[in-house]
Amino acid sequence: MRLFRFLLVLILTALLCWQLMIPQAAGDKKLPPIGSFFNPFSGFWKNAEPVSGFHYSDLDIPGLHGKVEVVYDDLLVPHIFAENTEDAVRVQGYITAQHRLWQMDITTRKASGRLSEVLGERTLQIDRITRRRGMVFAAENDVKAWQKSPESVRILDAYTDGVNAWINNLSPADYPIEFKLLDYAPEQWSPLKSALVVEAMAENLCSRDEDLASTNALALFGKDTFDYLYPEWNPKQRPIIPDTGQWKDWHVDLSAVPAETGTGFSGEKRSGALSFRDAPRSFETDPYSEGSNNWAVAGTRTRSGHPLLANDPHLTLSLPSIWFQVQIHTPAQSCYGVSLQGVPGIIIGFNENIAWGVTNVSHDVSDWYRLQWANPQRTKYIMDGQARDVQERVEVIGIKGKTPLRDTVPYTVWGPVVYGYDPAHPLHDCALRWISHDEPPAEGSVIFMFLNAGKSYEDYRKALANYDCPAQNFVFATRSGDIAITVQGRYPVRAPEQGRFIQDGSRQSNAWHGFIPPDRVPAMKNPSRGFVFSANQHSTPPSYPYYYLGNFEDYRSREIYDRLEAMKNATVDSMKTIQLDNFSRRAADALPAMLALLDRNRLDAEGKKMADELAAWNFRYDAELTAPPLFDVWFDSCYDKTWDEMQKSKSVLVPESWRFIEMLEKDTASIFFDHPETPRRETARDIVNESFGLMQAFFAKNPQKRTAWGQFMGFTLKHMAQIDAFSRLDIVVGGHRTAPNAMQKTHGPSWRMIVDLGEKVHGYGVFPGGQSGNPGSRYYDNMVETWAKGDYYDLLMLGSAEESSTRIIGKQTFSPSRQ
């Protein structure tokens with residue numbers, strides 16, 4: 001009997017242990033194996049770091065040619081001192097992986113369509129579209145090009161080896177907590193993964209297009225009305241590069257210009273019927289999210305007589321932060337700034353002689369071409385009357401716990417047929433031509449290494465010659481006094497309006513007409529006005545002879561221009577006030593027009609109180625003000641009520657908000673203010689008053705929303721895996737997407753940097769997060785409050801590993817492996 005009981009207990013214990021070591025179902029999700037996750041020796045307990053901070057120890061890693069010393073400051077910024085560039089980036093790779101390995105892994109999984117391998121079927125559609133858009137294809141072409149440059153190979157291999165040196169030293173107990181939660185292991189790094197990080201940024205910054213929505217709008221309204229609703233140039237805008245006569249003698253030779261199409265528009269009252277194929281919704285008042293600001297001010301406008309440079313890229317904000325601060329010091333350079341996880345070098349920063357920053361150019365560099373199939377199997381398509389074979393690429397998508405999906409993607413001369421698997425999709429017969437699919441310059445992977453070591457304007461221009469995508473506005477300044485900006489990228493030569501609509505893919509003449517020559521890409525050096533700047537607005541005025549289109553910002557740029565133009569005796573603090581400026585030009589343009597159309601005598605007491613508050617508002621989205629929520633709800637209601645039929649259709653382009661405001665100011669009788677279902681013809685006045693009532697009703701129904709702007713906006717800083725326990729949900733900030741301090745619920749300034757290029761270059765900066773990717777570290781989110789308050793850190797630039805500073809908290813030596 002005792003033996004039986006013993007065996008029974010033994011079997012039950014074994015079954016319990018087995019149950020604890022397998023993933024557990026929780027609804028449609030799976031939890032990690034409970035036993036291993038809570039194991040005190042290898043589970044999540046191992047991810048807790050001491051309250052005193054990070055632990056440092058001397059290390060040997062393979063591949064080093066000499067000793068590398070790393071000094072850590074009180075923000076956990078590594079200052080890497082190496083005898084050569086190759087050793088420096090090898091250690092950079094090691095340290096980056098040490099602090100951000102899971103972030104590196106999940107970024108490349110998303111970019112390569114491999115999320116489902118670890119997350120299961122719920123991400124299958126995301127992975128499928130990612131593969132079919134050619135993200136991996138683009139990254140493979142990057143690597144193919146980079147391999148032609150010995151310098152690129154040398155730097156990328158060193159960085160890759162450094163990342164893998166960290167990975168190879170890990171045991172499962174050492175894995176970042178996200179690996180344990182999702183129950184998978186890190187993979188070896190490779191140059192292809194670095195290329196995928198680059199392509200992830202390209203997808204984020206230069207893959208947007210409105211070809212389908214514009215095509216539908218043109219078919220619906222005709223050319224005259226289309227031009228009325230969707231002008232490409234905002235006359236109030238301040239372009240990055242003004243016309244000073246520099247391109248008056250340029251000539252663009254085009255061999256084929258698409259003919260205009262359209263049926264015209266007429267009528268006393270709009271028809272309520274909109275008829276065209278459904279497509280992904282394109283209804284937004286201000287679509288620009290991924291923006292940025294940068295500028296440089298010449299010594300003629302500063303108190304010190306030396307240039308000042310500022311940059312604050314606006315991106316989706318998350319924990320861990322997208323950026324990682326680092327200093328890299330070699331005999332060739334001493335550079336400080338922020339790096340992108342998975343990419344060697346410093347992306348935004350400064351050295352002892354120069355400083356630079358970037359904003360997104362926002363040109364449209366992706367077009368859709370409708371194919372004419374030559375056979376029912378869709379394996380051949382027509383090009384200039386001849387049948388051509390598609391090239392098939394088989395994508396095998398792994399799915400956790402399921403059989404992999406084998407997806408065959410047809411490639412044409414234009415690019416992949418992205419939605420060919422879905423007959424109901426309006427782009428089912430279209431191929432995507434995207435510039436990121438092209439091979440980049442061979443040294444494109446190391447241009448930031450060249451820039452990091454630059455000393456002059458000539459070095460800056462030489463480095464940028466190898467940069468193509470995603471196009472960026474590179475602002476620049478030197479200690480010797482130069483300031484400059486270059487709208488750097490590779491841009492197609494287009495016929496007027498080419499790429500604005502879906503094109504006929506059966507004619508080769510519809511291809512791009514080459515690329516804008518590098519010496520004709522817009523740029524400016526040392527303008528007489530004493531500053532250069534960008535905020536994602538148009539690169540040039542319409543007089544620039546090369547046609548381009550894109551998604552351009554209309555408000556921040558005007559405010560920044562006016563602030564800089566009025567500025568004298570500028571200081572670092574002056575630069576901070578612009579970066580933190582909550583003034584909205586959109587509100588300043590729209591609200592006076594809306595108030596002028598509001599019938600105050602028809603308002604009740606509460607309505608008059610709201611109108612008085614709005615009339616007294618200073619157009620600033622400060623966190624403590626209660627007027628901004630009133631305006632946002634009122635403006636959005638006006639906008640929605642005007643374009644509601646387009647909103648319901650889900651597939652037609654809606655006018656930009658600046659054009660809507662212009663109509664409120666100058667064309668209040670426009671037929672587009674009319675409600676087609678009513679017997680009378682409404683005007684802008686009717687829309688404004690009706691929308692004010694809707695705004696009043698909204699706050700009456702939701703009294704908790706009648707609060708200050710910071711609470712109303714509801715800013716959240718979420719963990720990349722959307723885990724609330726690893727997120728910051730308690731941060732209250734001001735700002736607005738149309739203000740220089742371009743805050744949104746999940747977007748905003750991802751790195752604020754100001755550089756004083758005096759006798760000794762000095763930087764100030766902050767980002768919303770911390771250096772560590774470990775939620776159990778004190779350095780995970782230690783900079784968030786400083787960022788939220790609008791404060792900055794002095795950026796410690798050390799001259800040597802032996803230099804003393806009260807901010808130094810640890811040192812580490814890397815030596816060549818003795819194996």
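In the predicted model, strand 13 (residues 366-370) and strand 21 run parallel and are joined by two bridges, and within this pairing Arg370 has Asp504, a residue of strand 21, as its bridge partner. These strands belong to an open sheet of three strands, arranged in the order 18-13-21 and with mixed pairing. Strand 18 (430-434) and strand 21 (503-504) stand at the edges of this sheet, and because each has a single partner strand, one side of each is left without a neighbour in the sheet. The loop between strand 12 (354-360) and strand 13 contains Ser362, whose phi is near 80°, a positive value in a residue other than glycine. Ser362 has a relative accessibility of 8% and therefore counts as buried.

A second open sheet is built from eleven strands in the order 3-29-4-5-9-10-11-12-19-20-22, and its pairing is likewise described as mixed. Its edges are formed by strand 3 (59-61) and strand 22 (523-525), each of which pairs on one side only, while the twist from one strand to the next averages 20°. Within the sheet, strand 9 (residues 323-330) and strand 10 (residues 333-340) are paired in the antiparallel sense over eight bridges, and Thr330 finds its bridge partner in Gln333 of strand 10. Helix 3 (residues 85-112) packs on the sheet and touches strand 3, strand 4 (68-73), strand 5 (78-81), strand 9, strand 10 and strand 29 (808-816), with its direction at about 155° to that of strand 9. Helix 13 (residues 457-464) also packs on this sheet, where it touches strand 19 (472-478), strand 20 (483-488) and strand 22, and its direction makes about 10° with that of strand 20.

Most residues other than glycine have a negative phi, and most peptide bonds are trans. The bond from Leu319 to Pro320, however, is cis, with omega near -5°, and Pro320 is placed in the loop between strand 8 (318-319) and strand 9. A cis peptide bond also joins Cys469 and Pro470, with omega about -5°; here the proline, Pro470, lies in the loop between helix 13 and strand 19. As for backbone angles, Asp183 has a positive phi of about 60° although it is not a glycine. Asp183 is found in the loop between helix 8 (177-182) and helix 9 (191-206), and it counts as partly exposed because its relative accessibility is 35%.

Attention now turns to contacts between helices. Two packed helices are described by the angle between their axes and the distance between the axes. For helix 17 (residues 605-616) and helix 21 (residues 684-701), the axes come within 11 Å and cross at roughly 105°, so that helix 17 is roughly perpendicular to helix 21. Helix 17 contributes Glu606, Gly607, Met610, Ala611 and Leu614 to the contact, and helix 21 contributes Phe692, Met695, Gln696 and Phe699.

Helix 18 (residues 627-642) consists of 16 residues and spans 23 Å from its first C-alpha to its last, which is close to the 22 Å expected at 1.5 Å a residue. Helix 18 is mostly covered, since 13 of its 16 residues are buried. The axes of helix 18 and helix 20 (residues 657-666) come within 11 Å and cross at roughly 85°, and the two helices are therefore roughly perpendicular to each other. In this contact, Phe635, Cys638, Tyr639 and Thr642 of helix 18 meet Ser657, Phe660 and Ile661 of helix 20. The residues of the contact of helix 18 with helix 20 divide into five nonpolar and two polar, with no charged residue.

With a relative accessibility of 40%, Val732 counts as partly exposed. When neighbours within four places in sequence are left aside, Val732 is in contact with Ala623, Gly710 and Gln711. Val732 and Phe712 are separated by 20 residues in sequence, and their C-alpha atoms are 9.5 Å apart in space.

How values were computed
Residues numbered from 1 in each chain as written. Predicted model: local features only at pLDDT ≥ 70, side-chain atom pairs only at ≥ 80, totals over all residues. Heavy atoms only, no water. Pairing = 2+ DSSP bridges. Helix = DSSP H or I, 4+ residues; strand = E, 2+ residues; numbered from the N terminus. Axes fitted to C-alpha atoms, helices over the stretch in contact; angles between N-to-C directions. Contact = heavy atoms within 4.5 Å. Expected span 1.5 Å × (residues − 1). Buried < 20%, exposed > 50% of the residue type's maximum accessible area, 1.4 Å probe, protein only. Parallel < 35°, antiparallel > 145°, perpendicular 65-115°, else oblique. Nonpolar A, V, L, I, M, F, W, Y, C, P; charged D, E, K, R; others polar.
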